[in-house]
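Dear colleague,

Please find the structure below, together with a short account of what was found in it.

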Amino acid sequence: MHPAGSAAAGTPRQPSKRRIPVSHLGMADPHQLFDDTSSAQSQGYGAQRGPSGLGYPTASASPQAAFLADPVSNMAMAYGSSLAAQGKELVDKNIDRFIPVTKLKYYFAVDTLYVGKKLGLLFFPYLHQDWEVQYQQDTPVAPRFDVNAPDLYIPAMAFITYVLVAGLALGTQDRFSPDLLGLQASSALAWLTLEVLAILLSLYLITVNTDLTTIDLVAFLGYKYVGMIGGILMGLLFGKIGYYLVLGWCCMSIFVFMIRTLRLKILAEAAAEGVPVRGARNQLRMYLTMAVAAAQPLLMYWLTFHLVR
Amino acid sequence: MAFTLYSLLQAALLCVNAIAVLHEERFLKNNCTVGWGTDQGIGGFGEEPGIKSQLMNLIRSVRTVMRVPLIIVNSIVIVLLLLFG
C-alpha cells in the first residue's frame, strides 16, 4: 500500500488506452481486452516512493508506533489481514459462478472512438452498410475494434444519465423529491427486465437457433435510453414541440437500428442470402423482430412523456 | 407509473402460481392440445417442435420444478403480508 502522498506526487499516469489501428488487428492479442500498463506504473511508483515517502512516516509515526508496539494488537492486525485475504480469495473463486465476470469484461472493452461512432449510429443508422460483427478465431471481436459489436458501457451510462435527467426534469417542474429518483430507476429497470423475459420466452417458443446471449439482448435493449435522454433534454429546452420532434427522430432511428441488428441475429440464414423472407418458420421470426423493434419506440414514449410538460 | 421491481416480483409469483394450478384434464389433454402424455419423439427429430409442443414442455417443466419452492415462497409471502400488510 503506497502512502497517499506518493500517488499524488507520482509520475503522470500514462494514457491507459492506446488506440490500435484496424490494420494492426492481426498483431494485437485477441484475448487481451485491455492494455496492460502494470509494468510501466510500478516503475514510476518505485522511483517516486523513495524521496516522497520520507515525509510521511515522521508525521504519523508516533500514534501508529504506539499502536503497533502492543504485541496483542499486532497479532490481531495480522490475523485480520489474513482473514481478509482468505475472504478475498473465496470471493474471487466463487464470483464466476454467479456473475460471469470474464464475459462482462468483453462488453466494457470500449474506447472513445467506438462510443462516438456508436452514438452516431444510434442517431443516424440509415447510411451504415455493413452490420455484421467481425470474428477473430471464433470469438467476436471486442467492441473497441468493431462498431457493430454490442457493448454494455453505453446502456449503463445512458441508464444512469436517464435517471439523473429525469430528476432534473422533475426538478424544473417543482415535482422533485429524492425517492422519485429511485422510483424512476426501479421503473425503468422493471420494464427492461420484462422486455428481456418476454423476448427470451418468445425466442424459446419459436425455437430460434441464435447466438444472441442474454447479455447481448440487455445491451441492445439498453440502447434506447440514449434516444430517451435526447428527447427529454430537447423537451426541457424547447418544450413539447422539441420533445416530440427529437423523440420521433430517435424512435425511427432505434426502430431501423434494431431491425437491422436483430435481422442478422435472428434471421441469420435469410439475411445472409438477402432473399425476402418467406416460409412459416421465417415468417414467425420476422414477426418477432418487428415486434421487438416496434416495442422500443412505445417504451421510449411511455417512459418519458410524463417528464415533459 | 408505479411499476417497480417489487410489483414485477409480485406479478411473477402470481403467474407461476397460475401455471401451477392449471387443471390437467381440461387444458392439457390430448384432444385439444398437442400432448401432455404423448410421446414427444413423434414430433420428429431435426425439425423444430412447433409452438404448442414447446409451450406444453415449458408448462410441464415449470410445474415440475416449481412445485416445492412455490409452497415455501407462498407460505413466506402469506405470513409477511398478514404481518405487515
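How many residues does the contact take from chain A and from chain B? It takes 17 residues from chain A and 12 residues from chain B, where contact means heavy atoms within 4.5 Å. This is a predicted model, in which local features need pLDDT of at least 70 and side-chain atom pairs count only at pLDDT 80 or more, while totals for chains, interfaces and linings use all residues. Residues are numbered from 1 along each chain as its sequence is written, chains are lettered from A and ligands numbered from 1 in the order in which they are written, and side-chain values use heavy atoms, with hydrogens and water left out.

Chain A and chain B bury about 1400 Å² between them, 72% of it on carbon and sulfur atoms (the accessible area, with a 1.4 Å probe, that two parts lose on being put together, summed over both). On the side of chain A, the residues that lose the most area are A:Y204, A:L205 and A:T207, together 35% of what that side buries.

Within chain A, helix α7 covers residues 153-172 (helices are DSSP runs of H or I, at least four residues, numbered from the N terminus). Helix α7 of chain A reaches 28 Å from its first C-alpha to its last, close to the 28 Å expected at 1.5 Å a residue (1.5 Å times one less than the number of residues). Its buried residues include A:F159, A:Y162 and A:L170 (under 20% relative accessible area, 1.4 Å probe, protein chains only). After α7(A) comes A:D174, with a positive phi near 60 degrees.

Yours sincerely

How values were computed. Helix = DSSP H or I, 4+ residues; strand = E, 2+ residues; numbered from the N terminus. Buried < 20%, exposed > 50% of the residue type's maximum accessible area, 1.4 Å probe, protein only.
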